[in-house]
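Student: I would like to go through this structure with you. Could we begin once it is on screen?

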Amino acid sequence: MTAAGSVDESALIARTKDGDNTAFQILLHRYLPMINNYAVRMLGNQADAADICQEVFIRFWQKSDSFDPGRAKLSTWLHQIAHNLCIDHFRKHANIRFSDSEAELAERPSQELSETEFEDELKVKDAISQLPERQRSALLFCHYQGLSNKQAAEILDVSVDALESLLARARKTLRLRLEEPAHE
Amino acid sequence: MNKSKFLSLAQAFGSDLSRWPEDQRHLAFQALESNPGWHEILNAELALDQELDQYQLNIDVSQLETLILQQTTGKTGTIDKLLAWLIPSGSLLRPALVACIPILVGVIIGSNLDLELDEPYLLTEELQYIQFDNTYTSESQNAGGYN
């Protein structure tokens with residue numbers, strides 16, 4: 001993010017704190033796709049991800065006063081809320097695994113995948129879904145979400161070294177799972 | 001940067017140096033220039049990165065955005081603020097405190113009520129107990145005074 005972009009964002013945050021819905025709308029438009037992608041990859045389906053996103057941004061709107069731009073980036077703060085809500089979701093639905101991956105992928109609009117691409121993507125999705133929650137979050141933050149190692153470590157409340165360990169274990173597990181031949 | 005550090009970073013962050021920690025990228029580039037053989041370490045991570053990159057999302061969130069905006073528009077009214085304050089997420093302290101308000105109000109009202117309980121209405125037995133209690137208290141104080 002550029003310095004100008006950063007200043008712009010600070011102003012938008014300040015206006016949101018003052019109850020300016022237009023500023024909130026700009027920030028929502030900027031961050032919703034990112035947070036939604038995290039929640040979808042974390043939970044495995046768009047319906048639950050939508051619930052998480054609504055909760056994240058309604059909290060941001062209602063409790064923007066509690067966000068201190070001097071302490072963290074907005075992207076970190078929003079990811080932190082989304083991450084905590086996803087973990088709460090797992091606790092509440094401990095016996096529910098990912099929803100039907102094929103159905104979810106098939107529902108996705110504007111995406112034309114060949115059968116092989118579809119199967120490959122499904123395999124990656126399933127492999128990620130089987131990772132332990134913290135390893136999954138670490139991988140999503142650093143590989144897909146574009147967060148820095150410090151941001152990811154802050155969200156997961158671990159040291160940077162511990163984050164690297166989580167990432168290395170996640171990648172090792174994924175490599176093994178993706179090398180396995182597909183069933184049937 | 002030594003080979004061990006380079007290897008551990010590659011195993012954590014993959015083959016794309018742009019995903020590596022910002023403070024390590026320049027050192028990693030320098031290390032690669034000095035040690036061309038280390039490209040093999042990155043190549044070992046490349047296949048996994050390519051597989052992960054296949055899982056891309058292109059979700060239209062415009063409806064979700066509208067839905068969120070509908071829920072946030074006009075949420076700055078006094079009642080909404082009061083409700084947001086009253087029922088915070090994750091803590092039951094405030095609702096519990098607010099639930100105590102009727103009890104406190106009842107205590108205050110009760111203590112200010114003039115029940116007009118004049119002495120003639122009190123039972124003789126009750127008056128005796130009160131007198132006994134006063135005597136007992138004053139005796140206790142006197143006994144304490146000798147010590």
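Predicted model: local features only at pLDDT ≥ 70, side-chain atom pairs only at ≥ 80, totals over all residues.

Student: Understood. How many helices and strands are there in chain A?

Tutor: Chain A contains nine helices and zero strands. Along the sequence, its pattern reads α-α-α-α-α-α-α-α-α.

Student: What percentage of the residues of chain A count as buried?

Tutor: Of its 184 residues, 47% count as buried.

Student: Let us look at one residue. Where is H89(A) found?

Tutor: H89(A) is in helix α4 of chain A, which covers residues 74–92.

Student: Is H89(A) buried or exposed, and why?

Tutor: H89(A) counts as buried because its relative accessibility is 16%, and the cut-off for buried is under 20%.

Student: Which residues is H89(A) in contact with, leaving aside its neighbours within four places in sequence?

Tutor: With those neighbours set aside, H89(A) contacts L43(A) and D48(A).

Student: Changing topic to chain B: which residues form a nonpolar patch on the surface?

Tutor: The patch is formed by I101(B), V105(B), I109(B) and L113(B). Together they have about 370 Å² of accessible area.

Student: Which helix does I109(B) lie in?

Tutor: I109(B) lies in helix α6 of chain B, residues 93–112.

Terms used:
Residues numbered from 1 in each chain as written. Chains lettered and ligands numbered in written order. Heavy atoms only, no water. Helix = DSSP H or I, 4+ residues; strand = E, 2+ residues; numbered from the N terminus. Buried < 20%, exposed > 50% of the residue type's maximum accessible area, 1.4 Å probe, protein only. Contact = heavy atoms within 4.5 Å. Patch = residues over 30% accessible without salt bridge, like charges linked within 9 Å, V, L, I, M, F, W, Y side chains within 5 Å. Areas by Shrake-Rupley, 256 points an atom, 1.4 Å probe, with all protein chains shown as cover. Salt bridge = Lys/Arg side-chain N within 4 Å of Asp/Glu carboxyl O.
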